[in-house]
Amino acid sequence: MNLIALGWLNPLVKFIVPFINRLDIFFKYNVRLIKNLYKPMLQGLQNTLIISFFALIIGVVLGTILAVIKVIPKKGILKKIFDFVVNIYISFFRGTPVVVQLLLFYFGVLGPRGYSPLYVAIMVLGLNSSAYVAESVRSGILAVDHGQMEAGRSLGLTYGSTMWHIILPQAIKNILPALGNELIALIKETAVVGFIAVFDLTRAARAVVSDTYDAFGPYLYLALVYLVIVLIATFFVTKLERRLRQSDKR
Amino acid sequence: MISVKGLVKSFGDHVVLQGIDYTINKGEKIVIVGPSGSGKSTFLRCLNLLEKPTAGEIWFEDQLITDKKCNINVVRRKMGMVFQQFNLFPHLTVLQNITLSPVKLGLMSKEEAKENAMRLLARIGLTEKANTYPIQLSGGQKQRIAIVRALAMNPDVMLFDEPTSALDPEMVGEVLAVMKELADEGMTMVVVTHEMGFAKEVATKVLFMDEGKILEESSPAEFYSDPKHPRLKEFLSKVLV
């Protein structure tokens, strides 16, 4: 009686059992994949994070210095020389592909002198990023009201001191969204350092692909890892932005 | 205290100040009036070299500050300036606004500067605003704090560049009251303003400027009741009700 009453389940069972079987295969596939991926990816992740972090620091510090050089009021020949040098620097790093810069600096300049690929990757991405940061910091500085500089100077502060304590904090606040974007772009750009044999995330995934002849799984996981890093970075940038906006609250 | 000789300032071809000679003595309260574009603000801003004079000499406390060898940053510590647009630092609290300069220049320790700032804030009745940001203040409060910020450097002279022009009418009084108090204490003041009442009450001398020249200089009573220069007569007939 009971069996007859449950007869309507038959088609469902027919459908579910193979699905569970497939799920089982899917599950096993993922476990195997993660087993293969996890070690190289962890090592790659470490390098990716190291490169992103130090390149960002170089980018922001150097970019800010370049921006300040560009806005310092100067006269005559000195101004021409400074502007010329800074403009060439910025045009070079913004006007050529970062891969080309990596190849040039590693194989052409620094590699033969014994610098490690990781070091060259950090330098090149940092210098590259500084060119972009310089432009946004410069516009951030110019957006700060001129009266702020006058107020600082009228209190006896030097140009540099006023720039550091009064103008730059306001400028950085203005351009924090742009700097956040720069950080995200930088993290993603690190994917090309494999060109000079740095073992980063992408390189790790590629190694697994060439071992297993399976491209879809490793690259999908690779994409997922980048996405998670970027989301975490975005979270912190938003938080920092909110903190810096404290003085805007009424 | 401040001595100006043959001061000329031009922006490109446009000559704003055409040779000004004037001496300001200790304790004087000089009020400068004149139509817009007369060069009165530029004159004031030349006194602490916010504008670089094209020609002429400015002496401050026996020091030639227009000299290249003179360190203007040190001179400016003794010349407070108050701006039309207040120019408080929006990213710093009121207290930080006041203490920033004395502390960074190493003139006071953090504690001393804070104590000094709180004393100054108490004087203008804004102690409770010490930890708020400028955006939370009214225009009048901002300007009073800007004045106090300049005073925190213990200046010998205070320069006011149209301090009440950007204020709502009902806030003008509170700022002028602080300035009057300052004047009564004997502070040397140079004030560019349109506040005729303030000029009459506080000024020791009123200057009338037009087209980059000082056209008239007299006591406030005489300035308003018995103007000599035809341009001043015309000006007063237009501004005074």
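Buried means under 20% relative accessible area, exposed means over 50%, and partly exposed is what falls in between (1.4 Å probe, protein chains only). Everything below comes from a predicted model, where local features need pLDDT of at least 70, side-chain atom pairs count only at pLDDT 80 or more, and totals for chains, interfaces and linings use all residues. Residues are numbered from 1 along each chain as its sequence is written, chains are lettered from A and ligands numbered from 1 in the order in which they are written, and side-chain values use heavy atoms, with hydrogens and water left out.

**View 1. Lys228(B) and Glu222(B) make a salt bridge.**
A salt bridge here is a side-chain nitrogen of Lys or Arg within 4 Å of a carboxyl oxygen of Asp or Glu. In this pair, the closest N and O atoms are 3.0 Å apart. Glu222(B) is partly exposed, at a relative accessible area of 36%, and Lys228(B) is partly exposed too, at 47%.

Helices (H or I, at least four residues) and strands (E, at least two) are DSSP runs, numbered from the N terminus. Arg123(B) meets Glu185(B), with 3.3 Å between the closest N and O atoms. Arg123(B) is partly exposed, at 33% relative accessible area. Then there's Lys180(B) with Glu201(B), at 3.4 Å from N to O. How exposed is Glu201(B)? At 56% relative accessibility, Glu201(B) counts as exposed, while Lys180(B), at 25%, is partly exposed. Over all chains, the salt bridge count comes to 16.

**View 2. Chain B has an open sheet of six strands.**
Strands of a sheet pair through backbone hydrogen bonds, either parallel or antiparallel. For two strands to count as paired, DSSP has to find at least two bridges between them. The order here is β6-β7-β8-β3-β9-β10, with mixed pairing. At the edges, β6 (79-82) and β10 (213-218) each pair on one side only. From one strand to the next, the twist averages 20°. Helix α9 (residues 230-239) of chain B packs on the sheet and touches β3 (29-33), β9 (205-210) and β10, its direction making about 100° with that of β9(B). (Axes are lines fitted to C-alpha atoms, for helices over the stretch in contact, and angles run from 0 to 180 degrees between N-to-C directions.)

**View 3. Strand β3(B) is mostly covered.**
Five of its five residues are buried. Which way do they point? Lys29(B), Val31(B) and Val33(B) go one way, Ile30(B) and Ile32(B) the other. β3(B) pairs with β8(B) in the parallel sense over four bridges, and Ile30(B) has Val190(B) as its bridge partner there. β3(B) also pairs with β9(B) in the parallel sense over four bridges, with Ile32(B) opposite Leu207(B).

**View 4. The largest nonpolar core has 55 residues.**
A nonpolar core is a set of buried Ala, Val, Leu, Ile, Met, Phe, Trp, Tyr and Cys residues joined through side-chain atoms within 4.5 Å. Ile141(A), Ile2(B), Phe43(B), Leu47(B) and Val190(B) have the most contacts inside this one. Helix α7 (residues 159-189) of chain A gives the most to the core, with eight residues. Contact means heavy atoms within 4.5 Å. Not counting residues up to four places away in sequence, Leu47(B) touches Ile2(B), Ile24(B), Met79(B) and Val190(B), among others.

**View 5. Arg149(B) is buried yet has no salt bridge.**
Lys and Arg count as positive and Asp and Glu as negative, with His and the chain ends not counted. The nearest side chain of opposite charge to Arg149(B) is Glu150(A), 9.9 Å away. Arg149(B) lies in helix α5 (residues 139-151) of chain B. Its contacts beyond four places in sequence include Ala151(A), Leu155(A), Phe86(B) and Asn97(B).
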